[in-house]
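This briefing sets out selected features of a single model, grouped by topic. Please read it alongside the sequence and the coordinates.

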Amino acid sequence: MTASNETAEGVSRLRPRRSCLAVPGSNPRFLEKAQGLAADQVFLDLEDACAPGVKEKARHMIVDALNTGDWSGKTRVVRVNDWTTHWTYRDVVTVVEGAGANLDCIMLPKVQDAAQVQALDLMLTQIEKTMGFEVGRIGIEAQIENAKGLVNVDEIAAASPRIETIIFGPADFMASINMKSLVVGEQPPGYGADAYHYILMRILMAARTHDVQAIDGPYLQVRNPEGFREVAGRAAALGFDGKWVLHPDQVAIANELFSPSQEDFDHAEMILDAYEWCTSEAGGFKGSAMLGDEMIDEASRKMALVISGKGRAAGMQRTTTFTPPQS
Ligand code: GLV
Ligand code: MG
């Protein structure tokens, strides 16, 4: 019996993004150091981590870092400035013309509606055609950072086949809704419940509806790994695919929390094998089967595909083998 190679619909084309490392595009030391960290994704930032006076220079530093650095094993993303600034088009032209062959996605911050995604999509298509790149290969990551973006999140997630992720941006979001807190990612005092639950679930529903990934944004208390673990653990428990990391200490925690445990991964693989066996001729074409004391059916298979897909994307190896029951 061989393990099923099937994955949940769409999961196979999604990249691992358990840890998404923010790297200021204007800082050569960080651009260098990021290459050696075990983050699934890096995003080289032209937006809030770059002061206005260095944005122009940072565009060229990012192009150089993408073309000459060793980013193997990582999804390479550049965050451009949002469409309400005057920087966006030049960010996109300089970075994609200069390093499009070594770039996986553009991250667009403060997205408010589908038109903003479509504008970026059109620009990317023109640059890809001009440069002779494969049209449509470069993806888009959309950050939801204000009330309007959240209200329109469904149309944003559906705005372009290039969309790969919907990202919650808590810092800008907290400011935009007048939340009474200055500690990004932590609960505002005086509420007594999870103030982010609705926002996270709204983003997650849009992402799952349109088969894209849901990513949680930054936790700014970089010297508080336990606080990071708690906040990241909440997003992971809901079903988010990953979280931003701002510090090397946050990378391993995110990779751990957004991967299934070995036990869950093994169990999921066993469910897939048992289901494949029971629905085959050898298993009598049955729609359900027993795996130990557990009855499994098509719904169990779907849940197992999610865990298995995340584990396989994270490079996990199973430690158990399925043996069909003897009749
Ligand atoms: C990220 O961009 C945030 O605003 O939290
Ligand atoms: Mg932001």
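At 25% relative accessibility, Asp172 is partly exposed, whereas Glu145 is buried at 4%; buried means under 20% relative accessible area, exposed over 50%, and partly exposed in between, with a 1.4 Å probe and protein chains only. Both residues coordinate the magnesium ion (ligand 2), as described below. This is a predicted model, in which local features need pLDDT of at least 70 and side-chain atom pairs count only at pLDDT 80 or more, while totals for chains, interfaces and linings use all residues. Residues are numbered from 1 along each chain as its sequence is written, chains are lettered from A and ligands numbered from 1 in the order in which they are written, and side-chain values use heavy atoms, with hydrogens and water left out.

**Magnesium site**

- Glu145 belongs to the loop between β5 (139-144) and α5 (147-151) and Asp172 to helix α7 (residues 170-176), so the pair ties together parts that are 27 residues apart in sequence.
- Donors are N, O and S atoms within 2.8 Å of the metal (3.2 Å for Na, K and Ca), and sites may look incomplete because water is not among the atoms.
- Helices (H or I, at least four residues) and strands (E, at least two) are DSSP runs, numbered from the N terminus.

**Packing of α11 and α12**

- Helix α11 (residues 262-278) packs on helix α12 (residues 298-313) at an angle of about 135°, with the axes 8 Å apart; axes are lines fitted to C-alpha atoms, for helices over the stretch in contact, and angles run from 0 to 180 degrees between N-to-C directions.
- The two helices, α11 and α12, are therefore oblique to each other; angles under 35 degrees count as roughly parallel, over 145 as roughly antiparallel, 65 to 115 as roughly perpendicular and the rest as oblique.
- α11 and α12 make a left-handed crossing; a crossing is left-handed if the near helix is turned anticlockwise from the far one by less than a right angle, and right-handed if clockwise.
- Residues of α11 in this contact include Phe265, Leu272 and Tyr275, and those of α12 include Arg301, Leu305 and Arg312; contact means heavy atoms within 4.5 Å.
- By class, the contact of α11 with α12 holds 8 nonpolar, 3 polar and 5 charged residues; Ala, Val, Leu, Ile, Met, Phe, Trp, Tyr, Cys and Pro count as nonpolar, Asp, Glu, Lys and Arg as charged, and the others, Gly among them, as polar.

**Packing around α3**

- Helix α2 (residues 55-68) and helix α3 (residues 88-99) have axes that come within 9 Å and cross at roughly 25°.
- α2 and α3 are therefore roughly parallel to each other, and their crossing is right-handed.
- On the α2 side the contact is made by Arg59, His60, Ile62, Val63, Leu66 and Asn67, and on the α3 side by Arg90, Asp91, Thr94, Val95, Gly98 and Ala99.
- The contact of α2 with α3 comprises 5 nonpolar, 4 polar and 3 charged residues.
- The axes of α3 and helix α4 (residues 114-131) come within 10 Å and cross at roughly 35°, again in a right-handed crossing.
- Tyr89, Val92, Val93, Val96 and Glu97 of α3 meet Leu120, Met123, Leu124, Ile127 and Met131 of α4.
- This contact of α3 with α4 has 9 nonpolar, no polar and 1 charged residues.

- In helix α10 (residues 248-257), the buried residues are Gln250, Val251, Ile253, Ala254 and Asn255.
- Their cover includes β1 (19-24), α9 (225-238) and β8 (242-245).
- Ala38, in the loop between α1 (28-33) and β2 (41-45), is exposed at 55% relative accessible area.
- Leaving aside neighbours within four places in sequence, Ala38 is in contact with Ser19, Val251 and Asn255.

**Positive phi values**

- Most residues other than glycine have a negative phi.
- Asn178, in the loop between α7 and α8 (197-209), has a positive phi near 65° and is exposed at 63% relative accessible area.
- Asp211, in the loop between α8 and β7 (213-216), has a positive phi near 60° and is partly exposed at 30%.
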